[in-house]
Amino acid sequence: MTVIGAGLGGLSAAIHAAHRGAEVTLLEAGPAPGGKAGVVEVEGIQIDTGPSLLTLPEIFEELWAMAPKPGTPRPELRVHGGHFLYRFHDGTSFRVHPEPAETLAEAERVFGATARNELCAYLEYAERIWTEAAPHFVMGQAPSMTSIMKLGVSGLSSVRHIDPMRTMWAAIKKQVQDPRLRWILARYATYNGSDVRKAPATLNCIAHVEMGIGGLGVQGGVQAVVHSLVDIARDLGVVIDYERPVRGLRRRGARVTGVETDDGPVEADAVVANCDANHVRRWVDIPKAKGEVPSMSALNLVIRARRRADRPAHQVLFPEAYLQEFEDIFDRDRHPVNPTVYMCAPEKAHGRTGWPEDEPLFVMANAPAEPKGQKRSPRIHEGLEARMLERLMAFEMIDSDDRVVWRRTPADLAARFPDTRGAIYGAASNGTWSAFQRPSNRVKGVRSLYLASGSAHPGGGMPLAVLSGKEAVRCLWEDVG
């Protein structure tokens, strides 16, 4: 078996297959593993450049439990109080705590008793969605109307309870009145790069995953998770070849028999593609959903900043009108005029080591994917960067002599991950039935080819990419044993 790509989905697929006894070769185009969960070395220190919060740790625990050597070390997960700080243009701020009760108390302190009660009811609503959606739409096979109908009354009941007919924003407005609290909940649409005004309310379950179940840091950074999976894969016998891009598939009729590389062909009984579905479309026909649009991209910065003892692990700095960001990105196909800025302090979040007197800050603003077949002017990215720095200065998060030491534009993402246009999560979930339209892990009409990535079922983000790899292997075993 051959796996294309050493991102989290590819590592997950390789581990699951090798644990079942398969001989696995993993081919990675880049010089290091991780995919979008990458790392960069800047002025002598390493910094994560992808996900900065780990959720649903039990999904990773399943992989760590497959380590064949007793006592194989696993990453230390970190819990820190008040780790996520939201700040607003009117001067108010709101902290999300590890315990929901603390977060609700914070809501009452900041927004008032009514807001606390509304948030409590909303989180119960989000938990109900997760309870109903997870078994049928996340943890198992890619859903379809046929598979739901086969579940009978219980399946139809699940569809009703996951609230697919409303948008996220409509459901939020109905249940929460304070505009600042609405923005916090609306921001979860960006966790898979979607438009809160169009994405189904089903995605409101993300609020439960982060606020109810909780987000964690990883001692040493998210790369510690990646390296732990690489170690397990190798201990299971997986052969990993870096800097070996796959140029195409070898086929015999409707069956995939291997891959083509610059160093020659690699024969395989099955191929799992841990790359964007659009990239796989170069080689085989994978249907696209009607009206499919790419998810958000991002402009990322690393700032070398004077160290501050009171800096929280994560911060979100909102503009005066948050919904304008979605209008700019999805309606006008332009960088946000007033961007929301996210900042992670890796020393606080992950125990990363910075410089002797300075700390690294990983900063991000959402942006549209690159135009199809062309690139935006670098000046456009420079304009967004200037607005990001202005916001950081206005909120007194950086000093005038702090400096940008690394940047990655949507164009850079597009170059690093072919055929994505820089979109981080594949297609945006901007439609009522988007959960049914994400590419399945099994490629229909093509035997022995499977998808395992954030652009395939069940979606983007660290835990879902891991589940995508697991499901791809389950499909493979179901097909060929």
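Predicted model: local features only at pLDDT ≥ 70, side-chain atom pairs only at ≥ 80, totals over all residues.
Okay, let's start at Ser 448, which sits in the loop between helix H16 (434-437) and strand S19. Helices here are DSSP runs of H or I with at least four residues, strands are runs of E with at least two, and both are numbered from the N terminus. Residues are numbered from 1 along each chain as its sequence is written, and side-chain values use heavy atoms, with hydrogens and water left out.

Back to Ser 448. Its phi is near 70 degrees, a positive value in a residue other than glycine. Is Ser 448 buried or exposed? Ser 448 counts as buried, at 4% relative accessibility. Buried means under 20% relative accessible area, exposed means over 50%, and partly exposed is in between, using a 1.4 Å probe and protein chains only.

Glu 43 also has a positive phi, about 50 degrees, and is not a glycine either. You'll find Glu 43 in the loop between strand S3 (39-42) and S4. Glu 43 is partly exposed, with a relative accessible area of 40%.

One more backbone spot: His 457 and Pro 458 are joined by a cis peptide bond, with omega about 5 degrees. Pro 458 is in the loop between strand S19 (449-451) and H17.

Now helix H2, residues 57-64. Its buried residues are Pro 57, Ile 59, Phe 60, Leu 63 and Trp 64. Look down the axis of H2 and these fall within an arc of 155 degrees, so they line one face of the helix. That arc is taken from the directions from the helix axis to the C-beta atoms. What do the buried residues of H2 pack against? Among their partners are helix H1 (8-19) and helix H17 (462-480), where contact means heavy atoms within 4.5 Å.
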